[in-house]
Amino acid sequence: MQHRVINFNAGPAALPLPVLERARDELLDYAGTGMSIMEHSHRGKAYEAVHFDAIARVRALLGFGESHKVLLLHGGAHHAFATIPMNLLGPAQRADYVVSGHWGKVALEEAKTVGAARAAGPDFGGVYTRLPRPDEHTFDAGAAYAHITSNNTIEGTQYDAWPDTAGVPLVADMSSDFLWRRFDIARFGLVYACAQKNLGPSGMTMVLVRDDVLAACRTDIPKIFRFGVHATHDSLYNTPPTFAIYLVRETLRWIASLGGLDAVEARNRAKAAAVYGALDAAAGFYRCPVEVGARSTMNVVFRLPDEALEGRFVAEAEKAGMVGLKGHRSVGGVRASMYNAVSPDDAAALAAFIREFARTNG
Ligand SMILES: Cc1ncc(COP(=O)(O)O)c(C=O)c1O
């Protein structure tokens, strides 16, 4: 067994060990075919089986049928920041974006390069320590769609209940909490997630798009950007990122082996409770800036009394085998990203370290 650290990176992030081991074992000879899955044609039986199984597994885990198409695309979430307005925003329309953190702001700015888009809901003035309350949303009943970020990776806030958009298609960037639990896909016109947090490696995007939204997508944009083209071709219009999709499929298989999304949710809630519990128990020393009801189960953001102590915390944690704890450069502090692949034992190790660091430095 090689040396493995406990990885709290925000993304690219920890992948499940069984997935990595399987990829390693199959790298030279995938399923007795004498080559890796990367060397197979995307039109061949071996790869197609992986591709369609990945799609089927997303449907099975979330429990939906033909209401939404599952697209496996290139380019991460930034690509979707552009392709969503390109597909969904007509020339005489406007889109609403809830800006509850850095990524929502980036998504809105990108949409504005395509068409008319505006910030809807409260103006947090750049301080993103909570999420809008239901009555603070100001969605336009005539908007082409309403966009939210379900989990703010940098700021550590996460939606618990979905906003009511009164019939306007709800679009969610679920990059950093997709498949952390089951959710009701019927509430969404479109959901997208880059893969490098809960799903697999970076560079690919999963898009779930409802049939009526898909049917209304624009056809006057280049084919490679059209959701309709990718849907018609089952995401095999161009050469897809085959190795990334193989790893996503293995990750979906691993989620099923844990007992599916209900088991994954229980595991994630226990991890979050362990770490927030340790922080709250030493509340005079640690400070969680996020409102309790908006705390993310995926990205735990916290501060220490000063930056020097934060630096020491991160450095000593690293010596103890825990990496990736430095907060995002835009907000500072400490951030522990605990996506699905981070185990309850990893979270318990961090909680113990949090307690011990407060005891010796508080
Ligand atoms: C919520 C959210 N949206 C978008 C992105 C950007 O993803 P990508 O770099 O794959 O475009 C990230 C990445 O950290 C994210 O956390």
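**Cavities and salt bridges: a walk-through**

Colleague: What volume does the largest cavity have?

Modeller: About 40 Å³. Keep in mind that this is a predicted model. The count comes to 2 cavities of 30 Å³ or more.

Colleague: Which residues line the largest cavity?

Modeller: Trp162, Met174, Asp177, Trp180, Arg181 and Phe183. By class, that lining has 4 nonpolar and 2 charged residues, with no polar ones.

Colleague: And which helices each supply at least two residues to the lining of the second largest cavity?

Modeller: Those are α1 (17-26) and α7 (242-258). The lining includes Ala23, Glu26, Phe243 and Tyr246, and the cavity's volume is about 30 Å³. Its lining divides into 6 nonpolar, 1 polar and 1 charged residue.

Colleague: Is Glu265 buried or exposed?

Modeller: Buried, because its relative accessible area is 19% and the cut-off for buried is under 20%.

Colleague: What about Glu356 and Arg359, how far apart are they in helix α10?

Modeller: They sit 3 residues apart, about one turn of the helix, and their salt bridge is 2.7 Å, N to O. Glu356 is partly exposed at 37%, while Arg359 counts as exposed at 62%.

Colleague: Which residues are linked in a network of salt bridges?

Modeller: Arg22, Glu26, Asp53, Arg57, Arg249, Glu250 and Arg253. Glu26 also lines the second largest cavity.

Methods. Residues are numbered from 1 along each chain as its sequence is written. This is a predicted model: local features need pLDDT of at least 70, side-chain atom pairs count only at pLDDT 80 or more; totals for chains, interfaces and linings use all residues. Side-chain values use heavy atoms; hydrogens and water are left out. On a 1 Å grid over the protein atoms alone, a cavity is a set of points where a 1.4 Å probe fits but cannot get out, and a pocket is an open set with protein on both sides within 12 Å along at least five of seven lines; lining residues have an atom within 4 Å of a point. Grid points are joined across faces, edges and corners, and a volume is the space filled by probe spheres set on the points. Ala, Val, Leu, Ile, Met, Phe, Trp, Tyr, Cys and Pro count as nonpolar, Asp, Glu, Lys and Arg as charged, and the others, Gly among them, as polar. Helices (H or I, at least four residues) and strands (E, at least two) are DSSP runs, numbered from the N terminus. Buried means under 20% relative accessible area, exposed over 50%, partly exposed in between (1.4 Å probe, protein chains only). A salt bridge is a side-chain nitrogen of Lys or Arg within 4 Å of a carboxyl oxygen of Asp or Glu.
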